[in-house]
Amino acid sequence: MNPFSSGTRLRDMIRAIRACKTAAEERGVVRKECAAIRDSISENDPDYRHRNLAKLMFIHMLGYPTHFGQMECLKLIASPGFPEKRIGYLGLMLLLDERQEVLMLVTNSIKQDLNHTNQYIVGLALCALGNICSAEMARDLAPEVERLLQFRDPNIRKKAALCSIRIIKKVPDLAENFVKPVAALLKEKHHGVLITGVQLCADLCKASPEALDYFRKKCTDGLVKVLKDVANSPYAPEYDISGITDPFLHIRLLKVLRVLGQGDADASDSMNDILAQVATKTESNKNAGNAILYECVETIMNIEDNGGLHVLAINILGRFLSNRDNNIRYVALNMLMRAIAVDSQAVQRHRATILECVKDSDPSIRKRALELVYLLVNDTNVKPLTKELTEHLEVSDPEFKGDLTAKICSIVEKFSPEKIWYIDQMLKVLSEAGKYVKDEVWHALIVVITNASDLHGYAVRSLYRAVQAAVEQETLVRVAVWCIGEYGEMLVNNVGRLDIEEPLTVTESDAVDVLETSIKSHSCDLTSQAMCLIALLKLSSRFPSCSQRINEIIGQYKGSFVLELQQRAIEFNSIIERHQNMRSSLAERMPVLDEATFSGRRAGSVRAAVSTSQGVSANLPNGSAKLSTAPVADLLDLSLDDAPAPSSSGGEFLQDLLGVNLMPVSLQPDTNQAQKSGSDVLLDLLSIGTPPAQSSSSPPQVLSTNTDNRSPLDILDRLSTFSAPSAQVSSTGGNSSMLDLLNGLPSSPPMSVTEGNGPAHSSVTAFESSSLILTFNFSKQPGNPQMTLIDGSFTNKSQDVFTDFIFQAAVPKFLQLQLDPASSNTLPASGNGSITQKLRITNSQHGKKSLVMRIRISYKVNNKDVLEEGQISNFPRDL
């Protein structure tokens with residue numbers, strides 16, 4: 001006989017394919033067999049049709065195309081005998097799917113078989129329909145399947161229930177037809193029928209709200225009784241798994257009870273007792289018992305509130321954490337993360353076990369446990385938890401240190417009870433895992449240190465000790481270098497020493513040694529080296545005895561291949577050698593960084609495009625406030641124009657660059673230590689010559705009173721005007737030197753910004769809410785129609801005082817906005833006072849486009865943050 005004829009047995013073909021040595025040889029065998037099957041199909045040979053289809057199914061499983069045999073499936077299904085139908089339905093389920101058009105031809109055959117007198121043929125049809133049923137077939141055959149749910153044989157009822165699940169998923173509209181038959185299935189004694197009925201009930205509840213209400217009212221008590229019977233049933237060999245009766249039915253019943261109890265207090269109350277019984281009596285030493293307990297916990301967490309059950313469920317999860325199986329511990333950690341929202345106090349009792357999981361060898365468990373610990377932290381336990389995590393940081397794996405460091409830093413920043421504790425914890429993290437710390441974290445640490453004036457000495461001494469022990473930690477080196485440069489004299493003189501500190505003796509030479517060691521370290525990158533050079537420049541002013549040595553260290557980098565370091569070294573060397581008179585001004589301490597503004601920018605709430613005005617901040621040096629002089633850039637919510645967006649305020653750039661106070665003199669308080677103004681420093685830095693000496697009795701007035709609240713960029717812009725004679729330059733020596741510096745370019749006469757001389761406009765109510773009124777009064781400058789002066793007045797209509805009052809505004813590109821500081825940051829209640837604030841708007845499209853502004857007002861009421869926003873479009877047309 002031809003080994004590839006139609007009469008070849010299936011086992012012979014399988015043996016021939018397995019005997020192939022190469023893929024090409026296998027393809028040849030399959031090709032010849034497929035050719036023989038095609039010949040047999042074309043001859044319409046009924047004798048070997050079932051054998052050919054069996055071969056095609058095996059070939060299909062090997063991945064070869066078998067579409068030419070699809071019609072053979074339909075022919076076998078139409079055959080009267082059970083063996084042919086069995087092969088035909090098997091081929092139908094394997095070779096076809098619901099997307100095949102051929103499938104529509106078999107609908108009538110399936111319908112006939114569903115009504116067949118042979119229950120085995122009915123079972124074949126139900127199996128096929130449950131696997132490949134399409135929406136059209138579901139609509140046509142749903143009545144037959146619904147009828148079979150009440151068939152006398154339990155196997156047919158079970159298969160009909162499984163087929164019904166497929167039908168409901170394909171056509172949810174048919175769900176209502178199955179509700180009452182399913183209710184009858186839930187009373188079955190046969191476990192096979194019962195488990196499929198329970199699953200069908202759960203799917204019906206998800207597909208139809210009406211079905212969910214029906215089952216809650218009619219079947220909840222019955223399902224509770226079934227679960228109680230199963231949980232208390234004696235040993236049954238046919239259902240027993242690891243000493244537990246039918247855990248699969250247990251789990252299905254718990255899942256459907258979870259669906260019924262969610263959002264319904266009455267249904268939840270009726271199942272509380274049985275859930276408590278399952279949770280307490282189920283053994284947890286076998287995997288089947290753990291599966292039931294997990295589903296029981298999930299059900300308890302999802303039904304309506306019951307405090308006692310929640311504690312019981314969380315205790316079960318706590319026992320799971322002590323299990324040796326990693327999978328059980330992982331699912332327990334996942335469930336505990338959800339349980340925190342339900343009962344945080346009960347989860348806190350297992351804190352020690354959760355911390356042990358952070359130290360687990362499995363990386364998945366470590367990461368999940370760390371996320372859970374982060375959720376557990378609050379104001380009362382932040383110190384012990386941070387201590388545990390920091391201690392583990394010392395011995396943790398390198399691949400885990402990144403996640404662990406990020407979480408510790410986030411915890412410390414969010415829950416820090418006091419600044420000294422914050423500094424101590426951050427130093428520990430920087431010392432152990434500094435290279436894993438992100439830039440914004442050590443930036444925030446510097447901001448906190450600058451704002452803690454009483455801890456400057458403590459911080460610099462702690463950093464001095466830490467950097468000597470961990471010079472390889474780059475981030476630690478940067479913070480230490482910055483602090484030594486700023487507070488080096490405190491380090492040497494032991495200023496602000498606390499009782500908890502150990503005695504420390506540091507000479508000026510020792511402080512310079514740390515910077516020299518850091519800058520020459522092999523791990524020191526460009527940023528750290530640049531910071532070291534700046535710190536050395538500052539110490540050259542603070543430590544005159546070490547000035548020559550510092551100059552030599554800086555001079556070593558004058559030939560650096562890195563342009564940034566070379567430029568800094570040359571400039572700093574020149575400052576030390578030739579410009580002694582300006583070095584102290586350049587090397588003075590940086591002003592205190594506004595902690596609230598930094599936090600807001602870091603969180604993304606303060607954008608460069610929004611001009612922010614705050615009252616006088618207690619965090620800034622001497623209580624002085626930084627002016628908001630930057631015109632706003634683009635406003636996302638308003639229309640864009642082709643006008644270029646103005647740049648950020650030059651005053652802030654110069655202040656950040658040089659560390660000097662460029663505030664108008666009128667806002668500076670009297671002080672015994674008069675600081676050099678920004679323009680004087682510019683003179684010295686770029687100059688040639690020294691500005692005239694100022695009287696010590698009054699601060700130097702670089703900015704004339706006419707230019708108060710003008711940005712330094714505006715002042716420099718006026719120097720470029722050629723039309724006015726040089727005699728009209730302001731009489732201050734600083735400006736005269738500036739003119740000499742810029743090749744004697746004269747400036748135009750200073751513009752007067754005297755308010756109230758222009759035409760007045762009627763006031764408008766710009767913004768009004770249930771608790772706040774904002775009124776604008778307008779005036780114009782004579783000869784400058786583009787500029788509008790606005791006096792804003794805020795009135796509180798509520799009975800509560802508003803504190804931390806902040807007004808922000810933004811305008812489109814064709815407008816430039818300048819905000820003056822507000823008169824106060826506290827707004828009295830009931831209209832018993834107001835906050836005033838001045839605004840200046842320059843309209844580059846004057847006469848073409850009207851003013852428009854988007855505002856944001858934030859304040860606190862009874863220590864609760866309130867944010868109000870709005871858009872002002874009712875400006876007078878001629879502005």
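**Helix packing in a predicted model**

Tutor: The buried residues of helix H6 pack against helix H4 (70-77), helix H5 (82-95), helix H7 (119-132) and helix H8 (135-148), where buried means under 20% relative accessible area with a 1.4 Å probe, protein chains only. This is a predicted model in which local features need pLDDT of at least 70, side-chain atom pairs count only at pLDDT 80 or more, and totals for chains, interfaces and linings use all residues. Residues are numbered from 1 along each chain as its sequence is written, and side-chain values use heavy atoms, with hydrogens and water left out.

Student: Which residues in H6 are buried?

Tutor: In H6, residues 107-114, the buried ones are Thr107, Ser109, Ile110, Asp113 and Leu114. Seen down the helix axis, the buried residues of H6 fall within an arc of 165 degrees, taken from the directions from the axis to the C-beta atoms, so they line one face of the helix.

Student: Switching topic, which residues of H13 meet H14?

Tutor: On the H13 side they are Thr220, Leu223, Val224, Val226, Leu227, Val230 and Ala231, with contact meaning heavy atoms within 4.5 Å. Their partners in H14 are Leu249, His250, Leu253, Leu254, Val256, Leu257 and Leu260.

Student: And what about Glu516, buried or exposed?

Tutor: Glu516, which is found in helix H28 (residues 508-519), counts as buried because its relative accessibility is 18%.

Student: What is Glu516 in contact with?

Tutor: Leaving aside neighbours within four places in sequence, Glu516 is in contact with Arg549 and Ile553.

Technical notes: Buried means under 20% relative accessible area, exposed over 50%, partly exposed in between (1.4 Å probe, protein chains only). Helices (H or I, at least four residues) and strands (E, at least two) are DSSP runs, numbered from the N terminus.
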